[in-house]
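Thanks for coming. I have one structure to walk through today, and I will start with a term we need before looking at any part of it.

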Amino acid sequence: PQSLMLSGKTAIVTSGPTHEPIDPVRYIANRSSGRQGHAIAAALSRLGAKVTLVSGPVTIADPAGVTTIHIERAEEMRDAVLAALPADIAVMVAAVADWRVASSADQKIKKQAGAAPAPLELTENPDILKTVGHHPNRPRLVVGFAAETQNVEENGRAKLERKGADLIVANDVSPETGIMGGSRNTVRLITTSGSEVWPEMDKDAVAMKLAHWIAERVEKP
Ligand code: C5P
């Protein structure tokens, strides 16, 4: 039946931000809520897929029927994603921190009276989407997201190529759109064969429409 288009298929979804520790009590993070990624995990599951959700720290509930793995750092997210391979579908929605602190402190960094703060040395995090997109066990369908504040189409298309994805779901996260942290989303789907814009809708509706889009493409033998 239409409702179980993805039965027998497996999917990995990443969602939420990552937290990159500075010391035991401080971290670098971003404003991702996990709402879109969690909704996609739930939607794929509703279509019958066996879903592993790898989630950064969020305040929303684990979706019902989905195996949820909680991590904090990008490196932990990468490890959990690779451990979940092979899979038929990967949808990387997490807002992974681009950088982490090169060597986070084991003890709380103390303020030194009158002294300037120690500078934070940053190093690049692994790109999980790119790793999955070029992996020997690459899922049949690899989907990435692109949160942009300008040149959405152009940046999305460059990302599709660079990361080895089949689809980039791009959105404009400029503060005035209210998308980041909000409940609604306006997305543009970018593939090698073209681009289409979906009207503004709830993140749950984006998730369901995307799950159907995915199902139509992985179903075919
Ligand atoms: O390069 P950028 O972060 O804009 O790419 C966004 C896409 O790449 C998203 O799908 C995001 O989940 C994924 N990504 C990732 N690992 C990173 C950075 C981004 O999986 N380190």
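A residue counts as buried here if 20 or more other C-beta atoms lie within 10 Å of its own. Keep in mind that this is a predicted model.

With that cut-off, take strand S4, residues 50–55. Five of its six residues are buried, so by that definition S4 is mostly covered.

What does S4 pair with? Strand S1, residues 10–15, runs parallel to S4, and six bridges join the two.

Now the whole protein. It has five helices and 14 strands. Its radius of gyration is 18 Å, close to the 17 Å that the globule rule gives for 221 residues, so the protein is as compact as a globular protein of that length. The C-alpha atoms fill a box of roughly 70 × 35 × 30 Å along the principal axes. Of the 221 residues, 39% are buried. As for contacts between residues at least 6 apart in sequence, 65% of them join residues at least 24 apart.

Next, the annotation. An unreviewed UniProt entry gives the feature "binding site" at Asp-98, Lys-108, Pro-126, Asp-127, Ile-128, Leu-129, Phe-145, Lys-159 and Lys-163.

Is Phe-145 buried or exposed? Phe-145 has 25 other C-beta atoms within 10 Å, so it is buried. Leaving out residues up to four places away in sequence, Phe-145 touches Met-92, Val-93 and Val-169.

The other is Lys-163, in helix H4, which covers residues 152–163. Lys-163 has 20 other C-beta atoms within 10 Å, and because the cut-off is 20 or more, Lys-163 is buried. Which residues does Lys-163 touch, again not counting those up to four places away in sequence? They are Leu-129, Lys-130, Gly-133 and Gly-144. Among these, Leu-129 is itself in the UniProt list of binding-site positions.

That is what I have for today.

Conventions. Residues are numbered from 1 along each chain as its sequence is written. This is a predicted model: local features need pLDDT of at least 70, side-chain atom pairs count only at pLDDT 80 or more; totals for chains, interfaces and linings use all residues. A residue is buried if 20 or more other C-beta atoms lie within 10 Å of its own, exposed if 12 or fewer, and partly exposed in between; C-beta atoms are placed from the backbone. Helices (H or I, at least four residues) and strands (E, at least two) are DSSP runs, numbered from the N terminus. Two strands pair if DSSP finds at least two bridges between them. UniProt positions are given in the numbering used here, feature names are shortened, and annotations may be inferred rather than shown by experiment. Two residues are in contact if their C-beta atoms, placed from the backbone, lie within 7 Å. The radius of gyration is taken over C-alpha atoms; the globule rule is 2.2 Å times the number of residues to the power 0.38.
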